Amino acid sequence: MLTEQQPLLRTKGLTRRFGGLLAVSDLDLEIRPGEILGLIGPNGAGKSTTFNLISGFYKPSAGELFVFGENCTGRSPLAISRLGLVRTFQHGSLMRSMTVGDNILLGTIHGVRGSAQRRARVAETAEMLGLTAYLAEEAGNLPHGLQRLVSIGIAFAARPKLLCLDEPLTGLNQTEVANTLVVLKRIRDEFGCSVLLVEHNMKAVMRVCDRIVVLHHGQHLATGTPAEIRADQKVIEAYLGHRHEH
Amino acid sequence: MDDVKLPYWIGGIAIALAGTALVRDAYIASVVNLIAIGALTAVSLRFVMLMGELNFATAAFVGIGAYTTGATLTILNWPFLLALLAGGAMAGLVSIVFGYITLRTKGPYFLLIGFAFTEAIRILYSKSAALGGTSGMVGIFPPMVLDGWMPTFIVAVAALLILALYALERSDFGKILTAIRDNENVARTVGLNILLVKIACFAAASVAAGMAGSLHAFANNVISPGDFSFLVAAFALAYVKVGGEGRIIGPLLGTGLLVVLGSYALGLGGGEHIFYGAAIVVAVLLLPHGITGLVGGKRPQAGGGH
């Protein structure tokens, strides 16, 4: 049913060169309403570049980017974020010297008018992420796992239509991973927010994603459900290397 | 908005104003004026530091405020209050243009542009015959009614502007400034127009700096290009660093202490600048969080965590 709707995000032949290096090449990507899409690939596959391209932090060398149906090729990060696409960063995606509450508050300032309404949004977001007890703590002093949740909290407090998370599970223990996956599902189920997940933790990606896109050497390698990806011979080779190589 | 601790402010301002009412000695009055104007300049400098930038153009905006007041009063014959406000307004307008162009740079680049701007503006006054060239402008007098009340008036205006900047700092706008200092990219991802916020912060600080210049013009009655060199910003930085930048009370304490000690050092036969340089060195080495850092305990170090 959902698949019949217009995609939230679509790229057509998206390409980015850095000098002689083709970081992302001719990529067609589609994110559908209500899905959790995983973007995976070995190191250097172009995942981060793709992330920077769709959030406007890099301008594409070629190709087009459509966000919520609008042509956003070459638009600024500000313009894209205001359409409702909010991203996090792989490293330290939070304000260390500010309290957890003020971190989350930052996500509400653009979209919510009025101090009381902003505080209500912060409370709701913190509740959702299990951060209520830490609202007054300085974010930089929290354990790593909670800092990762704060990063998601800042982004989710803006109530995006598409939440793009860059390796949110890195460095988390099993409990924290399971906890974060529950949060992601709730964000999708209760708020109708789609999620793009770039992640190295394969087990988690297989568990939470509806579809998975695999990149390899900056190119699209495969798209499919977790079961299809797991069985895909090209994907297995990309991760394990060709048998004849040695 | 977080609590602005209004009762403390009202109490503090009332005590300061009552104190100025007791001043009858002309020398003490001039020191009180210096402290009020210096504190306003230091708070303006610190306001831009909230977003992580060292604003040496502060000195230029103090000068623009002073010269605008001087020119509108003595050349255009504007009334006192209008000439006073014109200083702040002109500084604010110029800062919006200057900020729009320069706030795309950061750190040492922004600092150097501010430094160069200060010196360029100063040369502009020196070369302008209408503004009195190198000898400056004279006859910038407040109205007779304020005779004897200038310290009270200057402290009141400075206190109001400092309180206004503090209220901004405590508002959600102030939180965006801290966010820009901490992690500009994250602030950029949640729909906030960072350049606009930076320009607004810079303009608010520059209005305050311009008003400090206007007050300076009325306090001294005479202004010259030499009054507005980069040293104005260097002194303000000393006030902030010695007092402690963590809280707004820091620059107020720092200004009071350094102006009083500096005025004393002046009586010993110059060496004022060596004195300020030494104060910064001592403060940075021994009091990394300034005087207020001693009282309130150390802030947790950035990069602590786990």
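The following exercises, each with a worked solution, concern a predicted model.

**Exercise 1.** Determine the strand order of the open sheet of 6 strands in chain A, and state which strands lie at its edges.

*Solution.* Reading across the sheet, the order is S6-S7-S8-S3-S9-S10, and the pairing is mixed. The next step is to look for strands that pair on one side only, and these are S6 (85–87) and S10 (219–224) of chain A. As for the geometry, neighbouring strands are turned by 15 degrees against each other on average, with direction ignored.

**Exercise 2.** Describe how S3 and S8 of chain A pair, and find the helix that lies across them.

*Solution.* Strand S3 (residues 36–40) and strand S8 (residues 194–198) of chain A pair in the parallel sense over 4 bridges. Within this pair, Leu37(A) stands opposite Leu196(A) in S8(A). Helix H6 (residues 174–191) of chain A lies across S3, S7 and S8, and runs at about 150 degrees to S8(A).

**Exercise 3.** Identify the residues with the most contacts inside the largest nonpolar core, and then examine the surroundings of Leu197(A).

*Solution.* The core has 161 residues, and those with the most contacts inside it are Leu163(A), Leu197(A), Leu40(B), Ala158(B) and Ala208(B). Helix H8 (residues 194–220) of chain B gives the most to this core, with 15 residues. Leaving aside neighbours within four places in sequence, the contacts of Leu197(A) include Leu37(A), Leu39(A), Leu165(A) and Val205(A).

**Exercise 4.** Characterise the side of chain A that touches chain B.

*Solution.* Here 32 residues of chain A are in contact with 22 residues of chain B. On the chain A side, H3(A) gives the most, with 5 residues, while the division by class is 15 nonpolar, 11 polar and 6 charged residues.

Notes. Residues numbered from 1 in each chain as written. Chains lettered and ligands numbered in written order. Predicted model: local features only at pLDDT ≥ 70, side-chain atom pairs only at ≥ 80, totals over all residues. Core = buried A, V, L, I, M, F, W, Y, C linked by C-beta atoms within 7 Å. Buried ≥ 20, exposed ≤ 12 C-beta atoms within 10 Å, placed from the backbone. Helix = DSSP H or I, 4+ residues; strand = E, 2+ residues; numbered from the N terminus. Contact = placed C-beta atoms within 7 Å. Pairing = 2+ DSSP bridges. Axes fitted to C-alpha atoms, helices over the stretch in contact; angles between N-to-C directions. Nonpolar A, V, L, I, M, F, W, Y, C, P; charged D, E, K, R; others polar.
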